Amino acid sequence: MELQRNAFKHALAAGRLQIGLWSSLCSAVAAEIIADSGFDWILLDTEHAPNEIPSLLSQLQAIGRAGATPIVRPAWNDVVLAKRCLDLGVQTLLFPYVQSAEEARRAVASTRYPPQGVRGVAVAARASRYGRTPDYLAKANGEMCVLVQVETRAALDQLEAIAAVEGVDGVFIGPSDLSASLGHLGHPQHPDVQTAMRQAAARLKAVGKPAGILSSNEDEIRRYIDWGYRFVAVGSDVGLLARSADALARKFKTAPAPLP
């Protein structure tokens with residue numbers, strides 16, 4: 001069994017726009033449904049969702065036969081959390097709250113086997129098809145994709161240094177935490193936050209590093225793409241379910257009463 005090619009990593013490197021969806025429902029059924037919707041990537045969140053390794057495994061199995069690349073956001077930039085995801089076969093990780101080049105280097109190192117990194121070695125994990133992938137240990141590093149999340153004023157000050165770290169494939173700008181850090185909690189649409197996000201995209205483009213972002217507002221999404229963001233989450237499974245359910249309830253709860 002050959003090592004799976006990381007389609008998302010290679011598409012980013014080629015400059016192709018990658019459209020994704022955030023997934024926080026922690027459900028294999030939901031993951032299977034959205035994986036066949038045509039998105040380039042699906043983000044399985046473990047930072048702000050009650051996802052643990054067993055449920056993460058079932059979601060990866062559900063996504064496996066679809067065309068979307070699964071991306072996992074670990075709960076923290078931690079070598080053990082990263083290792084457990086990688087052993088499940090995840091090839092792309094989004095590390096939250098990266099504040100410096102040193103933290104970015106730590107994230108990259110956790111995804112690489114020695115001597116390039118510090119990833120622990122398991123010889124019969126799901127990642128190597130339980131030992132059936134020839135030379136997995138020698139080839140795995142080349143298909144790993146590391147995305148780092150910049151979401152504070154302090155991290156923005158270090159943006160170019162973070163982006164320049166060898167092995168960082170893309171930089172995700174976190175609108176919610178960034179707006180809080182800039183003094184506009186809950187208001188990522190504030191002009192100061194929007195300016196910072198536009199400048200971040202331009203700065204990343206200048207150093208040749210793809211920028212990513214999340215929004216569920218179509219006008220915002222198209223604006224961010226115009227600004228140069230290249231991997232863009234255009235909504236979430238939670239948001240889709242909540243909005244559709246709310247709209248359906250309103251449609252019938254507010255319908256006029258039938259005539260007697």
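This is a predicted model: local features need pLDDT of at least 70, side-chain atom pairs count only at pLDDT 80 or more; totals for chains, interfaces and linings use all residues.

Entry 1, the cavity. I looked up the lining of the largest cavity and found W22, W41, L43, I71, L94, L147, F172 and F231. On a 1 Å grid over the protein atoms alone, I took a cavity as a set of points where a 1.4 Å probe fits but cannot get out, with lining residues having an atom within 4 Å of a point. The lining divides into 8 nonpolar, no polar and no charged residues, where Ala, Val, Leu, Ile, Met, Phe, Trp, Tyr, Cys and Pro count as nonpolar, Asp, Glu, Lys and Arg as charged, and the others, Gly among them, as polar. The volume of this largest cavity is about 30 Å³, a volume being the space filled by probe spheres set on the points, which are joined across faces, edges and corners.

Residues are numbered from 1 along each chain as its sequence is written, and side-chain values use heavy atoms, with hydrogens and water left out.

I placed S128 in the loop between α5 (101-110) and α6 (136-143), with helices (H or I, at least four residues) and strands (E, at least two) taken as DSSP runs numbered from the N terminus. S128 is buried, with a relative accessible area of 4%; buried means under 20%, exposed over 50% and partly exposed in between, with a 1.4 Å probe and protein chains only. The side chain of S128 reaches the backbone nitrogen of G131 at 3.0 Å. Leaving aside residues up to four places away in sequence, S128 touches V123, T133 and Y136, contact meaning heavy atoms within 4.5 Å. Y130, also in this loop, has a positive phi near 60° though it is a residue other than glycine, and is partly exposed at 46%. The peptide bond from P114 to P115 is cis, with omega near 5°.

C26 lies in the loop between β1 (18-23) and α2 (28-35) and counts as buried at 19% relative accessibility.

Definitions and conventions: A polar contact is a pair of N or O atoms within 3.5 Å; within protein, one must be able to donate a hydrogen and the other to accept it, and residues adjacent in sequence count only if both atoms are side-chain atoms. On a 1 Å grid over the protein atoms alone, a cavity is a set of points where a 1.4 Å probe fits but cannot get out, and a pocket is an open set with protein on both sides within 12 Å along at least five of seven lines; lining residues have an atom within 4 Å of a point.
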